[in-house]
Amino acid sequence: MKLKTAMTYRFIYQLKSLGIFYLYFVLFTLIFPAMALFVAGGTLSSQSDLMFPAIIFAFIVALIGIQTDFKFFIQNGMNRLHILLTNILTNFVISNIIALTMLLFYQVFKSIALANFHYMFLLIDQYNPKQPLFYYGFLLAFIFFATTLGALCGLFFDRFSTVVRLIIGAGVILLPFLFGTIFTSLSHAARQEVVTALGHLIGISDKGLNAAPLLMTILVLTVINIIIIYLMNHRRELRRIS
């Protein structure tokens, strides 16, 4: 199977999944809230975030795709590198489509200007980006990061046995406690330096919120995820489904 054929196959699958997602999205963010408002006689108000549903969908599609496509593609003669490229490129394309359509939803909802409906991008709005292109880039960065994280989790579940998964999972869960223990043992000045450094990574400073550092942090984390995915996929074995 050629790379172009594999990308077309996976892209069609993603578009079908996206159609199902938008059906649920419209039901739960517009129709159901409208019905509730109608029953309440217009005395209630509805607020819906448009960003996190898109991120969750992108994560799930990438997680399922990295697990199910590997066996099919490798049995049709594709090598691991091309399988990985297919996954990453189609995830990037679908991330762009999701970002564009969610912004379109936002503009449509905003133009309707219903008194009881309020739609927003909760996290992005906190940073108040001035340019529409920056708004789009912000949303795309988060959605594509979610796809790389989903692919990484899918590979993790596929590569390791249950015992190893439990050990690594327990280690990940304990990391915040370890960080908290180390953090509380530091001096007051050292703790302030750590908080300041973390704030700079996500764009928090004395002057307010700045989206550029957060975008850079997300991009760096995305690249790290892709590198880990490549290393984990390099010697990935074909497992039989029992």
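1. A cavity, as used here, is a set of points on a 1 Å grid over the protein atoms alone where a 1.4 Å probe fits but cannot get out, and its lining residues have an atom within 4 Å of a point. A volume is the space filled by probe spheres set on the points, which are joined across faces, edges and corners.

2. A word on the model: it is predicted, with local features needing pLDDT of at least 70 and side-chain atom pairs pLDDT 80 or more, while totals for chains, interfaces and linings use all residues. Residues are numbered from 1 along each chain, and side-chain values use heavy atoms, without hydrogens and water.

3. Searching the whole structure gives two cavities of 30 Å³ or more. The largest has a volume of about 40 Å³, and its lining includes Leu-84, Asn-91, Phe-144 and Ile-229. Helix 3 and helix 5 each give two or more residues to this lining (helices are DSSP runs of H or I, at least four residues, numbered from the N terminus).

4. The second largest cavity holds about 40 Å³ of space. Among the residues lining it are Arg-10, Asp-69, Phe-73 and Asn-87. Helix 2 contributes the most here, five residues.

5. Beyond its neighbours within four places in sequence, Leu-139 is in contact (heavy atoms within 4.5 Å) with Met-51, Ala-99, Met-102, Leu-103, Phe-121 and Ile-124.

Notes:
1 Å grid on protein atoms, 1.4 Å probe; cavity = no way out; pocket = protein on both sides within 12 Å on 5 of 7 lines; lining within 4 Å.
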